[in-house]
Amino acid sequence: MSAVDLSGQVALVTGANRGIGRQIASALAAAGAQVVAGARDPDTLEALIAAGDGRCEAVALDVTNDAQVLAAVDGTVAKHGHLDLLVNNAGIGGGTELPWETPIDEWWAVQEVNVRGVYACTQAAMRHMTKQKSGRIIDVGSLVGTYPMPAAAPYAASKCALFRWNSCLAIAAADYGVSVFIISPGLVATDMTADVDLFDNIPADQWTPIEKTGALVVDLASGRADSLAGRFIHAEDDLDVLIANADQIIEQNLQTLGMNFFDEA
């Protein structure tokens with residue numbers, strides 16, 4: 001496949017100052033998009049902006065601060081005229097070995113960022129995208145949201161909630177020309193995975209190169225996978241194969257969160 005050209009697109013990326021968010025912002029800018037990179041401290045975005053060849057700009061964006069969310073989204077539209085892509089990447093981890101021992105405020109703080117923050121940014125973006133009758137929203141989820149991980153229970157709960165929110169949004173947003181996806185970067189070496197107790201015994205071949213997430217977001221931003229809107233896509237997935245089998249995936253309700261029921265028969 002030829003290189004994706006996102007010239008003319010305007011993208012807002014939350015949590016863009018480090019790790020996966022920074023990689024996504026860099027990949028989008030390299031593909032030609034105008035990127036508004038959000039972080040709680042915009043000074044931490046200086047290196048990203050410097051490397052963006054004029055296609056990256058910084059904005060103060062704490063996703064738990066409603067005023068900053070509105071200012072970032074509305075300011076982006078006011079300056080550039082439209083918003084084509086929102087990448088909800090900002091997130092935090094949390095937990096203890098025994099899930100009931102996590103302090104209540106710490107447990108809730110994870111939900112504030114990973115769930116409420118996504119909703120706040122999405123609500124602000126959808127107010128513009130519904131008027132445009134176009135746009136894409138990509139939530140950075142995790143496979144951890146699909147299975148129990150007691151030592152990271154607050155994080156797992158937040159990502160599970162994100163799965164269901166994303167699917168609700170995808171169905172409703174389709175009527176307004178907005179395509180919605182949830183992706184997983186896989187197990188990536190970032191600050192969040194630096195916990196020795198949780199990750200020190202994982203074999204090298206189970207880690208996913210961080211560049212794959214940026215490449216996936218760029219691919220989804222191109223629109224060529226819109227037939228898979230509302231579906232979960234992993235950075236290690238072969239997107240060409242998924243697109244080629246989109247009808248079967250939709251018919252069999254694959255690549256989505258569900259439940260297996262016991263059938264006595």
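Me: In which hand does H3 pass H4 in this predicted model?
Reply: The axes of H3, residues 66-80, and H4, residues 104-132, come within 10 Å and cross at roughly 30 degrees. The crossing in which H3 passes H4 is right-handed.

Me: How many residues of the contact of H3 with H4 are nonpolar, polar and charged?
Reply: H3 contributes Asp66, Val69, Leu70, Val73, Asp74 and Val77 to the contact. From H4 come Arg116, Ala120, Cys121, Ala124, Ala125, Arg127 and His128. By class, the residues of this contact of H3 with H4 are four charged, one polar and eight nonpolar.

Me: What is the order of the strands in the open sheet?
Reply: The sheet has seven strands with parallel pairing. Strand S3 (56-60) and S7 are the edge strands, each pairing on one side only. The twist from one strand to the next averages 20 degrees. The order is S3-S2-S1-S4-S5-S6-S7.

Me: Which residue in S5 does Leu86 stand opposite?
Reply: S4 and S5 run parallel and are joined by four bridges. Opposite Leu86 stands a residue in S5, Ile137.

Me: What angle does the direction of H5 make with that of S6?
Reply: H1 packs on the sheet, where it touches S1, S2, S3, S4 and S5, and its direction makes about 170 degrees with that of S1. H5, residues 153-173, also packs on the sheet, touching S5, S6 and S7. The direction of H5 makes with that of S6 an angle of about 160 degrees.

Me: Why is H7 largely enclosed by the rest of the structure, and which residues of H7 are buried?
Reply: H7 spans residues 211-221, and eight of its eleven residues are buried, so the helix is largely enclosed by the rest of the structure. These buried residues pack against helices H1 and H8 and strands S4, S5, S6 and S7. The buried residues are Thr213, Gly214, Leu216, Val217, Val218, Asp219, Leu220 and Ala221.

Me: How are H1 and H7 set to each other?
Reply: Their contact joins Ile20, Gln23, Ile24, Ala27 and Leu28 in H1 to Glu211, Thr213, Gly214, Val217, Val218 and Ala221 in H7. By class, this contact of H1 with H7 has seven nonpolar, three polar and one charged residues. The axes of H1 and H7 come within 8 Å and cross at roughly 45 degrees, in a right-handed crossing. H1 and H7 are therefore oblique to each other.

Me: Which residue follows H7?
Reply: The residue has a positive phi, near 95 degrees. H7 is followed by Gly223.

Key:
Residues numbered from 1 in each chain as written. Predicted model: local features only at pLDDT ≥ 70, side-chain atom pairs only at ≥ 80, totals over all residues. Heavy atoms only, no water. Axes fitted to C-alpha atoms, helices over the stretch in contact; angles between N-to-C directions. Helix = DSSP H or I, 4+ residues; strand = E, 2+ residues; numbered from the N terminus. Left-handed = near helix turned anticlockwise from the far one by under 90°. Contact = heavy atoms within 4.5 Å. Nonpolar A, V, L, I, M, F, W, Y, C, P; charged D, E, K, R; others polar. Buried < 20%, exposed > 50% of the residue type's maximum accessible area, 1.4 Å probe, protein only. Pairing = 2+ DSSP bridges. Parallel < 35°, antiparallel > 145°, perpendicular 65-115°, else oblique.
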